[in-house]
Amino acid sequence: MLEGFKNAFRIPELRKKILLTASILLLYRFGAYLPVPGAPFQAMLAAYQAGLNSNGPLAVLNLFSGGALSRMSVFSLGIMPYITAEIIMQMMQAVIPSLGELAQEGEAGRRKITQYNRYITIGLATINAIGYFFLFKSYGVTFANTGVPEGLHAVIVVFTMVVGAILIMWLGEVMTQHGVGNGMSLIIFSNIMSGLPSALISSITGTGNIILTIITIVVIIAIIPVIVHIERGQRRIPVQYAKRVVGRQMMGGQSTYLPIKVNTAGVIPIIFASAVLYLPAQLSVFFPNVQWVQSFASALSSGCLNWILSVVLIVFFAYFYTSMVF
């Protein structure tokens, strides 16, 4: 494994891709700590973080943003506006014939769909940013008095978060095109992994059960090779080329195979399922004082219902995305 890692850096093109991906992820994590203009002092921010983490739906939003929401950072919206826009576009391709035809027009059609996806992302990011600003206010957050009128300052905060979402979208696309792997998946991975150290520390110090923590880490490490094995698995469909008669001789007749991945949809079903379950938590931001909305979002954010819906949605999106690929 270490030898393969060393060999990767010996290839100039691959080395550039790895360094570019690492640099973009570092830049993304920096943006997750960069506060919006006029963010409150540490005491008020600590009270806001405590209230955010105690709220189930908002804790889910904070997880997908890599903790950026709890810091009122430029990247508070995270990658989810883009993922939601992708789901909308995928559904519309199956419903609207013109979009379905556009998706089959090759590179030009894909560029057009990507452009539509960006427009939808900006619209969703604007709506989410407005909701997050009112979320901050509902927790009693008072932004620093900079002499700017309150209405103008609200516009600045919302505009900053929307620009942050656009930057995340751009960084993800750059990683996909010029880096290693799918940029959006890597951003989601970095968001989740950013909370791993604190989760391990709290698991040890909170419960005091070091053995359980070690077992959890071992299980995670053991599952990763299994996931890689399934991801690389193929079903090879035999393909036989027809023979041709040239004079009195039989020519051709070569055989090969068509590699069909076992996991054709990849990680897309999990991302899409998480995004759908993320929507009630997002709606709860707009109605912080409506009890039934908060209860509904909490029920879908954790517990037995969350697990059942996750399984159902993952199976559905796996079938849906695989059928679209075929």
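**Salt bridges and buried helix positions in the predicted model**

The structure is a predicted model, in which local features need pLDDT of at least 70 and side-chain atom pairs count only at pLDDT 80 or more, whereas totals for chains, interfaces and linings use all residues. Residues are numbered from 1 along each chain as its sequence is written, and side-chain values use heavy atoms, with hydrogens and water left out.

With a salt bridge defined as a side-chain nitrogen of Lys or Arg within 4 Å of a carboxyl oxygen of Asp or Glu, the count comes to 2 salt bridges. In one of them, the side chain of Lys261 meets that of Glu231, with an N to O separation of 2.6 Å. This pair links distant parts of the chain, as Lys261 lies in strand S4 (residues 255–261) and Glu231 in helix H11 (residues 210–232), 30 residues apart; helices (H or I, at least four residues) and strands (E, at least two) are DSSP runs numbered from the N terminus. Glu231 is likewise assigned to the partly exposed class, because its relative accessible area is 30%.

A salt bridge is also formed between the side chains of Glu173 and Arg118, at 2.8 Å from N to O. Here too distant parts of the chain are linked, with Glu173 placed in helix H8 (residues 150–178) and Arg118 in helix H7 (residues 107–138), 55 residues apart. Glu173 counts as buried because its relative accessibility is 11%, whereas Arg118, at 26% relative accessibility, counts as partly exposed.

Two further helix positions were examined. Tyr28, situated in helix H2 (residues 12–33), has a relative accessibility of 1% and therefore counts as buried. When residues up to four places away in sequence are not counted, Tyr28 touches Ser65, Phe75, Gly78, Ile168, Ile187, Ser190 and Asn191, contact being defined as heavy atoms within 4.5 Å.

Once its neighbours within four places in sequence are left aside, Thr84 is in contact with Leu124 and Leu279.

Definitions and conventions: Buried means under 20% relative accessible area, exposed over 50%, partly exposed in between (1.4 Å probe, protein chains only).
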